[in-house]
Amino acid sequence: MRPSATRPFAPLAGRLPALVLLAGLAGLAGCRGSGDGAGDRRTFRDSRDTYDPRSLDPALSTDVPTGRAVSYLFDGLVRFTPDARVEPALATRWEVSPDGLTYTFHLRPGVTFHDGTPLRARQVARSFQRALDPTVRGGRGWPLYPIRGAREFADGKATSLAGVRTPDDSTVVVTLTEPLAIFPKLLAMPVAAIVPDSVGPDFGQRPVGAGPWKFVEWRHDDYLKFARFDKYWGRQPGADTLIARIIPEPSTAVAEFESGTVDVLTVPEGETRSWEQTDEKSARLQSAPALILYHVAINTTKGPLADARVRQALNHAVDTRAILEQLLAGRGRLAASVIAPSLDGADTTRQRYAYDVNRAKQLLAEAGHANGIDVELWSSQDATLARLAQSIQGYLNAAGIRTKLVQRDASAVREAARNGQAQLYVKTWYADYPDADAFLYPLLHSQSKGVGGNYSFYENRGVDSLIVQARRTQDDAQRAALSRQADALAHADAPMIYLFHYNELYAVQPWIRGFQVPTIFNGQRWQDVRIDATGTR
């Protein structure tokens with residue numbers, strides 16, 4: 001639950017994913033395709049990463065490449081499916097106490113790590129404690145903070161993790177500080193993956209997990225190589241080997257795909273239209289909504305911006321449809337909600353703020369600003385966000401909202417927004433986990449003002465209450481209804497200019513079967529993917 005510019009589990013703000021799946025490993029026999037289709041190949045070419053992982057240690061999973069590799073090598077008690085559902089992994093089932101505070105997990109029998117070590121409950125407790133240990137310097141232990149005593153242990157104020165018990169080898173009992181229905185989703189994050197008893201000093205370079213793939217080799221800034229774990233408890237991957245290349249240039253990825261040596265490609269935004277308008281290329285496209293919201297935070301404490309009518313006027317003044325088409329090649333869905341449309345709790349039928357300059361001017365006049373207002377629009381110097389800010393400036397000016405652009409480096413603009421200095425702040429929000437709460441709590445709850453992500457400094461007691469109720473309610477339908485209510489109340493208050501939810505666009509080779517674009521970065525483990533030898537280019 002961090003803003004995008006500080007959230008290493010997301011691409012840099014405004015620099016949308018140049019994720020690619022590539023083959024072509026020079027020097028690795030059998031890893032380079034001929035470009036003529038699948039043939040008898042037994043290797044997946046997975047290279048969605050544009051930079052080297054920080055580590056392969058779950059406790060150090062502070063970035064997307066590390067988190068993705070961890071999902072291949074390790075299992076947690078639960079895991080995400082490609083469409084972001086939580087399913088059992090090392091735990092076959094769990095119960096929740098009536099007060100929502102205690103989770104009892106029952107471990108899967110017969111599971112072994114890659115080195116043959118059997119899974120035991122103590123390893124779960126040690127893994128959680130290790131991820132929180134300040135001496136490990138992981139830095140991403142927050143998914144475990146809801147556990148009672150976790151913050152105290154992470155801060156060095158306690159010598160053990162009070163909220164985790166292991167009454168026997170197959171049972172783990174976790175007690176939280178307060179009810180939190182999303183807790184299983186937090187346990188599907190990479191930092192909560194389970195490691196064996198023996199963790200050496202080079203564990204991040206030569207990891208041992210219990211996941212569907214085992215580690216073979218890592219050539220830094222080039223590739224990682226994994227082999228299928230034949231003793232894996234679950235579905236066996238449909239190939240012997242998984243190669244994860246690290247290629248920073250999207251143009252290189254496109255060339256690889258077109259030569260037939262790339263299995264899956266994230267289509268660069270600049271090439272979206274050419275792919276969509278070419279029959280052969282368009283037949284290979286798959287699109288899926290990402291957990292990314294583009295918006296402009298409106299500081300609701302600043303002068304005329306404290307009036308909801310003025311904030312509504314800002315929304316009506318901006319032609320979001322034109323901006324989406326021109327800047328992002330239509331790769332998204334116009335937003336009338338902070339919640340990603342693929343998630344429970346999103347209201348995809350809600351009427352968005354329509355582009356209507358006359359209505360914007362009318363609202364300004366009703367609020368006592370018939371002659372317009374003066375505002376500052378802050379953005380980072382990232383190319384995409386800078387262009388977005390310039391477009392928004394033009395629309396606001398046309399509606400009598402005289403807008404001055406303020407551009408700083410990412411850290412400076414973020415600090416200004418956190419401190420309440422920025423009146424308007426154009427930004428992206430990347431959700432850490434696939435739940436409405438990952439948007440509602442950081443962006444709209446009053447406890448998240450400033451550093452927590454609520455750069456609008458928005459406060460509505462009704463919204464706060466609904467968000468807290470949703471967090472504590474175990475019934476999924478009730479949670480979704482509460483989330484929709486909170487989101488609707490906030491939408492009427494217009495604490496932001498609602499822009500769009502981003503969509504991923506992949507191209508998939510015809511010989512790849514069963515690949516599904518993941519909603520969350522660690523949701524595609526290549527277990528259900530197969531290579532069809534009859535597939536051709």
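Two strands count as paired here if DSSP finds at least two bridges between them. Helices (H or I, at least four residues) and strands (E, at least two) are DSSP runs, numbered from the N terminus. This is a predicted model, in which local features need pLDDT of at least 70 and side-chain atom pairs count only at pLDDT 80 or more, while totals for chains, interfaces and linings use all residues. Residues are numbered from 1 along each chain as its sequence is written, and side-chain values use heavy atoms, with hydrogens and water left out.

**View A. Strand β18 and its antiparallel partners.**
Let's start with β13 (residues 285-298), which pairs with β18 in the antiparallel sense over 10 bridges. Within that pairing, L293 has H501 of β18 as its bridge partner. Strand β12 (residues 264-266) also runs antiparallel to β18, with three bridges, and here L265 sits opposite A507. β14 joins β18 through three bridges, again antiparallel; look for G332 and its bridge partner Y502. As for burial (under 20% relative accessible area; over 50% is exposed, in between is partly exposed; 1.4 Å probe, protein chains only), 13 of the 13 residues of β18 (residues 496-508) are buried, so the strand is largely enclosed by the rest of the structure.

A335 is in the loop between β14 (332-334) and α10 (357-366). Its relative accessibility is 4%, so A335 counts as buried. What does A335 touch, leaving aside neighbours within four places in sequence? Its contacts (heavy atoms within 4.5 Å) are L293, R352, Y498, L499, F500 and H501. E376 is 41 residues away along the chain from A335, and their C-alpha atoms are separated by 23 Å.

**View C. Helix α8 under cover.**
Eight of the 10 residues of α8 (residues 308-317) are buried, leaving the helix mostly covered. Among them are V310, Q312, A313 and H316. At the N-terminal end, D307 caps the helix, with a side-chain oxygen 2.8 Å from the backbone nitrogen of R309. Zoom in on L314, which lies in this helix: at 0% relative accessibility, L314 counts as buried. Apart from neighbours within four places in sequence, L314 is in contact with I298, L305, L396, I401, L424 and I497. Y395 is 81 residues from L314 in sequence but 9.2 Å from it in space, C-alpha to C-alpha.

**View D. Helix α13 meets α15.**
The axes of α13 (residues 437-444) and α15 (residues 476-493) come within 11 Å and cross at roughly 35°. Axes are lines fitted to C-alpha atoms, for helices over the stretch in contact, and angles run from 0 to 180 degrees between N-to-C directions. The crossing is left-handed, that is, the near helix is turned anticlockwise from the far one by less than a right angle (clockwise would be right-handed). On the α13 side you'll find D437, L440 and L444, facing R479, S483, D487 and A490 of α15. That makes three nonpolar, one polar and three charged residues in the contact. In this sorting, Ala, Val, Leu, Ile, Met, Phe, Trp, Tyr, Cys and Pro are nonpolar, Asp, Glu, Lys and Arg charged, and the others, Gly among them, polar.

**View E. Helix α13 meets α14.**
α13 and α14 have axes that come within 11 Å and cross at roughly 145°, in a left-handed crossing. D437, L440, Y441 and L444 of α13 make the contact with V463, D464, I467 and R471 of α14. The tally is five nonpolar, no polar and three charged residues.

T473 is in the loop between α14 (461-472) and α15. Is T473 buried or exposed? T473 is buried, with a relative accessible area of 15%. A polar atom of the T473 side chain lies 2.6 Å from the backbone oxygen of Q469. Not counting residues up to four places away in sequence, T473 touches A181, Q478, R479 and L482.

**View G. A four-stranded open sheet.**
The strand order is β2-β11-β10-β9, with mixed pairing. β2 (43-45) and β9 (213-219) are at the edges with a single partner strand each, so one side of each has no neighbour in the sheet. β9 and β10 (residues 223-228) run antiparallel and are joined by six bridges; K214 has A227 of β10 as its bridge partner. Helix α1 (residues 64-73) packs on the sheet, touching β9, β10 and β11 (241-245), and its direction makes about 140° with that of β9.

Key: A polar contact is a pair of N or O atoms within 3.5 Å; within protein, one must be able to donate a hydrogen and the other to accept it, and residues adjacent in sequence count only if both atoms are side-chain atoms.
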